[in-house]
Structures are given as structure tokens and as C-alpha cells.
Amino acid sequence: MQLLASAQHELLLCERNFSHCDLGSKAVFDALWAFFTSHAAAHLRLITFDTQYLSQRCPKFLQLTEKFPSKIELRLAHESCSSWQKGFILADKTCLLHRYHFDWARGEITTEPHIVAMMQQQFNALWEQSSPSNEWQRIYL
């Protein structure tokens with residue numbers, strides 16, 4: 001939570017389905033709301049391998065996507081990315097929280113520039129291999 005609250009410009013998140021990040025919680029909603037409203041250039045980019053959790057269990061997060069559509073981008077990882085198994089959050093290209101495997105709940109925080117830069121590069125590579133997704137958005141009938 002502190003990592004989300006510390007960001008001022010950019011948040012990059014990569015998870016299998018974001019169930020470990022608890023994107024549907026009130027605390028995350030409040031932190032992201034503050035991030036978007038306090039910083040004009042704030043931008044959130046997410047990569048997921050499964051949109052079902054977001055679309056079915058995160059109504060508060062979906063409210064943010066409706067309120068700040070130009071500040072949130074989600075991409076669905078292609079099958080070619082299936083060997084990637086690390087979850088992480090990168091804030092402002094300076095601080096990283098990462099887990100060595102999607103199934104491991106515990107992670108490590110680092111500000112080591114070479115590790116942060118490597119994860120930034122890996123995020124960008126995954127981003128390029130992923131495609132925009134609307135599967136997580138609400139459908140109004």
C-alpha cells in the first residue's frame with residue numbers, strides 16, 4: 001500500500017489476475033484516487049494474464065476506470081508470455097515490489113537502480129507482446 005501511495009507519476013503492475021494486489025479493496029481505491037487526483041500526469045498501466053478477477057471482484061477498481069479512463073491502461077498478456085511468472089509493482093521507475101512467482105504471496109521491495117531498470121525493461125517487453133483488453137470493463141445494457 002505504501003508503494004501505491006508513494007507514486008507521483010507512473011505505476012506499472014503485472015500480475016496473473018491481481019487477486020494478490022487486492023485491487024478491489026477500499027484502501028487501494030483510496031490510494032489510487034489520491035494518485036490520480038493529486039498528480040496531473042499520473043498514469044497506471046497494468047498487464048494481466050486473466051481479466052476475470054478484475055471484472056467480477058473489483059467493482060471499486062472498475063469505478064476508477066470509469067472516472068479516470070485516460071489514466072488507466074490494461075493489457076492482456078498473450079500466450080507467448082506464459083513463461084513469465086513474476087508479479088510486481090513499479091512506482092515512478094524508482095521503487096519495485098516484486099514476487100518471484102505468481103503463487104508466492106510474499107515479495108521484496110527494492111530501490112536498487114539496476115534491478116528496477118531490468119524490471120522496467122521486462123514490463124515494456126511484456127507490454128509490447130500484450131494487447132489492449134476490454135474484457136474487464138462493465139457492459140451496460
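The entries follow in the order in which I made them.

I am working from a predicted model. I then took Trp-33 and Phe-68, whose rings are edge-to-face, with 5.1 Å centre to centre and 75 degrees between the planes. I noted that this pair links distant parts of the chain, 35 residues apart. Trp-33 belongs to helix α2 (residues 26-38), while Phe-68 is in the loop between α4 (59-67) and β3 (72-77).

I checked accessibility for both partners. Trp-33 counts as partly exposed because its relative accessibility is 33%. Phe-68 has a relative accessible area of 10% and is therefore buried, since the cut-off is under 20%.

Next I looked at Phe-123 and Trp-127, a stacked pair at 5.7 Å centre to centre with 25 degrees between the planes. I placed both in helix α5 (residues 113-128), 4 residues apart, about one turn of the helix. Phe-123 and Trp-127 are both buried.

I also traced how ring pairs join up: Phe-29, Trp-33, Phe-35, Phe-36 and Phe-68 are linked into a cluster.

**Charges over rings.** I found Arg-45 over the face of Trp-127, at 4.7 Å from the ring centre. I also found Lys-60 over the face of Phe-29, at 6.0 Å from the ring centre.

**Helix α2.** I went back to the helix that holds Trp-33. I read 13 residues for α2 and a reach of 18 Å from first C-alpha to last, close to the 18 Å expected at 1.5 Å a residue. I listed Val-28, Phe-29, Ala-31, Leu-32, Phe-35 and Phe-36 as buried in α2. Seen down the axis of α2, the buried residues fall within an arc of 170 degrees, so they line one face of the helix. I then asked what the buried residues of α2 pack against. I found α1 (2-6), β1 (10-15), β2, α4 and β3.

**Thr-48.** My last entry concerns Thr-48, which I located in strand β2 (residues 43-48). Is Thr-48 buried or exposed? I recorded Thr-48 as buried because its relative accessibility is 0%. Its side chain reaches the backbone oxygen of Arg-16 at 2.8 Å. Leaving out residues up to four places away in sequence, I listed what Thr-48 touches: Glu-15, Arg-16, Asn-17, Phe-18, Leu-74, Arg-75, Leu-76 and Ala-77.

Key
Residues numbered from 1 in each chain as written. Predicted model: local features only at pLDDT ≥ 70, side-chain atom pairs only at ≥ 80, totals over all residues. Heavy atoms only, no water. Phe/Tyr/Trp six-rings, centres within 6.5 Å; stacked < 30°, edge-to-face > 60°. Helix = DSSP H or I, 4+ residues; strand = E, 2+ residues; numbered from the N terminus. Buried < 20%, exposed > 50% of the residue type's maximum accessible area, 1.4 Å probe, protein only. Lys NZ or Arg CZ within 6 Å of the ring centre and 35° of its normal. Polar contact = N/O pair within 3.5 Å; in protein donor to acceptor, adjacent residues only side chain to side chain. Contact = heavy atoms within 4.5 Å. Expected span 1.5 Å × (residues − 1). Arc of directions from axis to C-beta.
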